[in-house]
Structures are given as C-alpha cells and as structure tokens.
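Welcome! Let us take a friendly walk through this structure, one part at a time.

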Amino acid sequence: MKPSPLRIHRPTTVDETLDLLAARGDTGKILAGGQSLVPVLNMRLAAPSDLIDITSVAGIDDLEVSGADGSEEICVGASVTHRRVERSADVTRANPLLGEALRFVAHPAVRNRGTTVGSIAHADPNGEMPMVLALTGGRIEARSRRGERTLDAEELNIGPLETSLESDELITRAIFPALPAGSRTGFDELARRSGDYALAGVGMILDVDGETVTGLRCGFVSVTDVPDILDLGEAVSGAELGDASTVAATVAEAVRDFIDPGGDIHASADYRRHLAGVIASRLFRRLCRSDGSSGRGDARGASGRGEDSLVGATGDDTESRRA
Ligand SMILES: Cc1cc2nc3c(=O)[nH]c(=O)nc-3n(C[C@H](O)[C@H](O)[C@H](O)COP(=O)(O)OP(=O)(O)OC[C@H]3O[C@@H](n4cnc5c(N)ncnc54)[C@H](O)[C@@H]3O)c2cc1C
C-alpha cells in the first residue's frame with residue numbers, strides 16, 4: 001500500500017521546524033529516518049496531512065562525548081543515525097551498553113537510516129534504545145514554541161508506542177550518561193532471525209567491588225510495556241563473583257516475577273517469560289566471569305531442558321531449533 005496524500009516539508013533550522021510543528025498540530029508528524037514511520041504510513045495506520053523531515057535541520061546532527069571523568073555524557077542529536085552511534089569508539093568507551101545493544105537493532109541497512117532519537121520517540125517496547133536510555137539513567141531534551149524541557153525515561157514513556165511528548169515538540173537530543181569505570185554491562189536477546197525484533201531481551205549493569213557484587217540493575221526488551229527497570233541490588237549485593245551460578249538462579253526467578261510479557265504468533269507469554277529468565281541468568285554469569293564485553297548474542301549452546309534451556313516448560317523444540 002501507499003501512504004495517503006500528504007505534504008512533505010524540509011526545514012533547515014530548528015526554529016523553522018518548531019514553527020511547522022506548532023502550525024500543523026496533531027496533523028503534522030516528524031520524519032527522521034522513516035524506518036518506523038514509513039511502514040506505519042504505508043499500512044495507513046496513521047495518516048498525517050504533513051510530514052516534517054528533520055534530516056536537513058542544522059544543529060541536531062551532533063554526536064559528542066563531553067564532560068570530565070565521572071560526569072561524562074553522550075549527547076546524540078535528533079538526526080544522528082544508529083550506525084554513527086554504534087561506530088563511535090568514544091561512545092563505546094563511555095557507555096559500552098549503548099554500543100552493544102545497538103548491534104541488535106535490525107540490520108545495518110536500517111541502522112544506516114534509522115536514528116537513535118527516533119527510536120526513543122517511537123517508544124516501541126520491542127526497541128532496544130528506550131531500554132538503554134532507562135537503564136543507564138539517560139534523558140531527552142524536547143523543544144517547542146512553548147519552551148524547552150528535559151524528561152527522563154520514566155517521564156517520557158507512558159505506554160507501548162506512547163510518550164508524554166506533545167504533538168508540537170521536537171526531541172533535539174538524547175543524553176546517555178557515561179557508565180562508571182567499575183561497572184560491567186551487557187545486553188543479550190533472542191530473535192527468530194538475525195535482525196528481527198527480539199522475542200525477549202535483557203540489559204544489565206553489574207557493580208562489583210573486588211570480587212564482591214555491590215549492585216545489579218536490569219532492563220528489558222519485548223517483555224514489558226514500557227522500559228521498566230528491575231533493581232536487584234538488595235537481592236544480590238554481597239554475593240561473590242565465584243557464586244555466580246547460584247545467584248544467577250535468583251536473578252532469573254526475580255526477572256520472571258517482574259516482567260509481564262504478552263503472547264503472539266511468534267511466542268507465548270509463558271515462553272517469553274521463561275526466555276527472559278534464561279537470558280538474564282546467562283548474562284549475569286557472563287558479567288561475573290568477565291568484563292562483560294561480547295558480540296551479538298544468539299542461542300549458542302542452547303540444549304537440554306534445565307534452568308538454562310531456551311525450551312521452557314511451555315515452549316517446544318521447534319522454537320528452540322528456530323532460535
Ligand atoms: C526491518 C526493520 C527492522 C527493525 N528492527 C528493529 C529492532 O530490532 N530494534 C529496534 O529498536 N528497532 C528496529 N527497527 C526500527 C528502527 O530502529 C527505527 O530506525 C527506529 O525505531 C525509528 O527511528 P527513525 O529515525 O527511523 O524514526 P522515524 O521512523 O522517522 O520516526 C519514528 C517516530 O518517532 C517520531 N520522531 C522521530 N524523530 C523525532 C524527534 N526528534 N522528536 C520527536 N518525535 C520524533 C516520528 O514522528 C515517528 O512517530 C526496525 C526497522 C525496520 C524497518
């Protein structure tokens with residue numbers, strides 16, 4: 001299908017963009033990379049009268065890591081693509097979780113066009129970026145003709161595909177704090193095919209002092225409606241890294257209790273719940289073993305029907321083989 005008839009505007013300044021947004025109200029829509037919006041328009045799930053293409057707007061294309069040690073931040077402008085963020089060595093150094101999770105976002109072709117800010121604005125519970133913003137304590141800056149405001153992830157995300165942004169607001173940038181040097185971070189997910197949205201995904205920040213765990217926070221993809229964060233600090237603090245296997249079972253159980261996945265044709269709710277626990281357990285053990293760095297995850301080594309099996313009590317072998 002094709003979108004319903006619409007006008008496309010190509011402003012070159014933020015002021016011009018804000019004027020267009022103010023004038024068009026609910027009938028205007030910002031177009032960034034178009035990787036989420038264009039399919040929605042083509043399927044006529046939305047029919048705005050005006051698209052405001054922000055890809056040529058000056059001053060929103062910066063990607064920078066600034067600030068002193070301990071208060072460093074990554075500022076991602078509204079037109080910065082996923083790919084630019086993913087390929088930035090400075091970003092990976094300051095916030096490895098961001099770089100790692102980005103490699104799970106679709107395929108390179110999509111990451112070449114899609115923007116990190118657009119992904120946050122789209123607020124898809126299956127998207128990795130809203131989760132990373134929430135888990136790392138990030139925020140966005142939004143501007144309209146009425147002024148400017150800053151929102152953290154909790155203030156921004158109010159439901160699946162729903163944010164607290166007004167129709168005349170432009171997110172100018174997203175800000176991700178650098179992670180403390182001592183923290184170990186990781187992300188992993190399982191998708192039916194490489195590049196697909198995850199059936200379940202888990203991000204983690206593990207704090208360690210010597211050989212002792214001092215904190216653990218988890219964020220989720222595809223198994224919560226909004227990027228809720230599970231703080232397991234109390235449950236795991238004081239555990240020794242060498243006890244990772246025992247503690248991992250506690251982590252998996254807590255994750256399964258916390259999330260509330262829905263089911264669909266790809267996976268039942270019970271299977272997603274089981275899967276999130278397995279991923280969390282593996283990720284926790286990986287972070288306990290190492291500094292947490294890894295490549296793109298998959299179902300490597302999945303076998304058997306124990307705690308660590310991708311085949312849950314309610315899953316089946318077909319799902320395991322596809323994974
Ligand atoms: C085949 C395919 C697979 C994909 N797989 C994944 C995946 O695994 N994980 C994942 O996270 N994403 C995935 N995506 C989505 C991709 O990450 C998108 O790039 C992203 O979700 C939206 O970014 P965009 O720049 O394309 O935004 P657009 O599609 O242009 O816009 C998305 C929405 O955000 C709004 N918006 C955009 N920018 C702003 C702004 N600055 N201020 C206010 N509102 C704004 C738009 O009005 C629109 O409502 C996939 C996409 C495709 C096509």
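Helices (H or I, at least four residues) and strands (E, at least two) are DSSP runs, numbered from the N terminus. What you see is a predicted model, in which local features need pLDDT of at least 70, side-chain atom pairs count only at pLDDT 80 or more, and totals for chains, interfaces and linings use all residues. Residue numbers start from 1 along each chain as its sequence is written.

Let us begin with the ligand. Helix H7 (116-122) is among the elements that supply at least two residues of its shell, together with strand S2 (28-31), helix H8 (128-135) and S10. H7 gives the most, with five residues. Of the 27 residues around the ligand, Gly33, Ala106, Gly114, Gly118 and Gly127 come nearest; a residue is near if its C-beta atom, placed from the backbone, lies within 6 Å of the molecule. Both domain 1 (7-53) and domain 2 (63-177) contribute at least three residues to the shell, with domain bounds taken from an automatic or database domain assignment.

Next, look for an open sheet of five strands, ordered S4-S5-S10-S6-S7 with antiparallel pairing. Two strands pair if DSSP finds at least two bridges between them. Strand S4 (63-66) and strand S7 (147-152) each have a single partner strand, so one side of each is left without a neighbour in the sheet. S4 pairs with strand S5 (residues 73-77) over four bridges, in the antiparallel sense, and glutamate 64 stands opposite cysteine 75 in S5.

Now find the other open sheet, with four strands in the order S11-S12-S13-S14 and antiparallel pairing. Its edge strands, S11 (184-191) and S14 (229-231), each pair on one side only. Eight bridges join S11 to the antiparallel strand S12 (residues 198-209), where valine 202 is the bridge partner of aspartate 188. Helix H12 packs on this sheet, touching S11, S12 and strand S13 (212-221), and its direction makes about 30 degrees with that of S12. Contact here requires C-beta atoms, placed from the backbone, within 7 Å. Axes are lines fitted to C-alpha atoms, for helices over the stretch in contact, and angles run from 0 to 180 degrees between N-to-C directions.

Which helix does H12 cross? The axes of H12 (residues 269-289) and H11 (residues 244-258) come within 8 Å and cross at roughly 145 degrees. Among the residues that meet there are Ala248 and Val251 in H11, and Ala280 and Phe284 in H12.

Note on methods
Contact = placed C-beta atoms within 7 Å.
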